[in-house]
Amino acid sequence: MDSETLSRRTLRFVNVAHALDHYVLLIYPTAVIAIAAQTGLGYGELIGLATGAFVAFGLCSLPMGWLADRFGRRNMLAVFFFSYGLSCFGVASAGSPTAFALWLCVLGLASAIYHPVGSTMLVSHARRLGRDLGVNGVWGNFGAAFASGISAFLAAHLGWQAAFLVPGALCLALGAAFLALVPGDGEGGARAGGAAPVIAVSRPVALLCVFGLAILAGGMTFNVTSIAMPKVIDERLASGLPLALIGSLTTLIFVFGALTQLAMGRLIDRFSLPALFASLSVLQPIGLGIAAATSGAPLLLGLVLTIAALYGQVVLNDAMIARYVPAAYRARAYSVRYFVGFTASGFVVPMIALLHERGGFGLVLGTAALFGLVIFVSALGFLTLTRGDRAAALAPAE
């Protein structure tokens, strides 16, 4: 197979896998509303059962880059498809809180494969880094967006188990197709995307610390908003809405994130990454602050601003690793990036349950706004630290 065909096929499956990764992980936060109605258990108790899934999502990201280097990225992505499908069937079979917690943990382990492996494959086969990262981000965003709407529809009409069985079957079918159509890793478009010149920096340790802090805080805001949104809409927009309508509104909000990712992909190819980082990060504390203090239409506006900033930031973070980290270390860098972001953010599930019981979603979203402020301060620090490097790079041309 020629390299261009291999790249096109690889990128298509990587994009679909990104959509599924976010879709499947966000089924439970919507399905839990139907499960609570069926079992009589409280929302706080049931949502807490997902803690293992989100902790495993981040914690198990760390070894995935190493496993991809050892066994091949294509083989690891195939494992992702098949293990994700089987874990969906496991959750659908759960009949007790213990079984839910166990299978959700397995699902989180399977979900941990995608980001370190898929991001490295994407950068290796990309032709235009910003554009392809933006498109990939949109796929992931639409996966998150449609998780609430489709899961709510399936749970309302076919039972909550169907919300897991249908995507589980799709994952297995895609895994078989991937093995048949993508014969190996190959080099693909690496010369265009993966071989993009690395940006030299004079203070790498300081930049790493600032960027790591932003990743840590960003993981918190990302998961707080994504997990809590269906219930936020249920409680603070208009109580008594049908589950299907709650899911549809959640989906509509996530669509704005997809539009931001497309725009960010274009901007990455044209403007300075640190400047984009600082400009985008200011939207998170503003959006979360509005959502925490309001209800009704202003609440929706705050959530839209937050989701736009969150999903634009995901694309930007991946681009920063692609441009600041040498190709030989990228798989491991993506592993560390998602380990830091998703492991700590996995603990937001019990945090949501605790804060919701004590102060409702005003307290939950207000706490998330503080994490958003940390991201903004970190972005300003990154911009300041790289200002001298950009001036030095321009000096010879002047």
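Q: What angle do the axes of helix H2 and helix H10 make where they cross?
A: In this predicted model, the axes of H2 (residues 27-39) and H10 (residues 160-181) cross at roughly 150° and come within 8 Å.

Q: Why are H2 and H10 called roughly antiparallel?
A: Angles over 145 degrees count as roughly antiparallel. The axes of H2 and H10 cross at roughly 150°, and the two helices are therefore roughly antiparallel to each other.

Q: Which residues of H2 and H10 meet?
A: From H2, the residues are Ile27, Tyr28, Ala31, Ala34, Ile35 and Gln38; from H10, they are Trp160, Ala163, Phe164 and Pro167. The residues of this contact divide into nine nonpolar, one polar and no charged.

Q: What makes Ser111 a buried residue?
A: Buried means under 20% relative accessible area. Ser111 has a relative accessible area of 0%, so Ser111 is buried. Ser111 belongs to helix H7 (residues 97-111). Leaving aside residues up to four places away in sequence, Ser111 touches Asp21, Leu25, Phe57, Phe80 and Tyr84.

Q: What makes the pair Glu4 and Arg127 a salt bridge?
A: The criterion is a side-chain nitrogen of Lys or Arg within 4 Å of a carboxyl oxygen of Asp or Glu. For Glu4 and Arg127 the N to O value is 2.9 Å, so the pair meets the criterion. The pair links distant parts of the chain, 123 residues apart: Glu4 is in helix H1 (residues 3-25), and Arg127 is in the loop between helix H8 (114-125) and helix H9 (129-158).

Q: Why are Glu4 and Arg127 called partly exposed?
A: Partly exposed lies between the limits of under 20% for buried and over 50% for exposed. Glu4 has a relative accessible area of 30% and Arg127 has 28%, so both count as partly exposed.

Q: How do you know that Arg128 and Asp269 form a salt bridge?
A: The closest N and O atoms of Arg128 and Asp269 are 3.7 Å apart, and the cut-off is within 4 Å. Arg128 lies in the loop between H8 and H9, and Asp269 in the loop between helix H12 (243-268) and helix H13 (273-281), so the pair ties together parts that are 141 residues apart in sequence. Arg128 is partly exposed at 38% relative accessible area, and Asp269 is partly exposed at 34%.

Q: Are Asp318 and Arg337 buried or exposed, and what makes them so?
A: The limit for buried is under 20%. Asp318 has a relative accessible area of 6% and Arg337 has 10%, so both are buried. Asp318 forms a salt bridge with Arg337, with the closest N and O atoms 3.3 Å apart. Asp318 lies in helix H15 (residues 297-324) and Arg337 in helix H16 (residues 330-345), so the pair ties together parts that are 19 residues apart in sequence.

Q: How many salt bridges are there by this rule?
A: The count comes to four salt bridges.

Q: Which residues have the most contacts inside the largest nonpolar core?
A: The largest nonpolar core has 128 residues, and those with the most contacts inside it are Tyr28, Leu77, Phe81, Phe164 and Phe277. Helix H17 (residues 348-394) gives the most to this core, with 16 residues.

Key. Residues are numbered from 1 along each chain as its sequence is written. This is a predicted model: local features need pLDDT of at least 70, side-chain atom pairs count only at pLDDT 80 or more; totals for chains, interfaces and linings use all residues. Side-chain values use heavy atoms; hydrogens and water are left out. Axes are lines fitted to C-alpha atoms, for helices over the stretch in contact, and angles run from 0 to 180 degrees between N-to-C directions. Helices (H or I, at least four residues) and strands (E, at least two) are DSSP runs, numbered from the N terminus. Angles under 35 degrees count as roughly parallel, over 145 as roughly antiparallel, 65 to 115 as roughly perpendicular and the rest as oblique. Contact means heavy atoms within 4.5 Å. Ala, Val, Leu, Ile, Met, Phe, Trp, Tyr, Cys and Pro count as nonpolar, Asp, Glu, Lys and Arg as charged, and the others, Gly among them, as polar. Buried means under 20% relative accessible area, exposed over 50%, partly exposed in between (1.4 Å probe, protein chains only). A nonpolar core is a set of buried Ala, Val, Leu, Ile, Met, Phe, Trp, Tyr and Cys residues joined through side-chain atoms within 4.5 Å.
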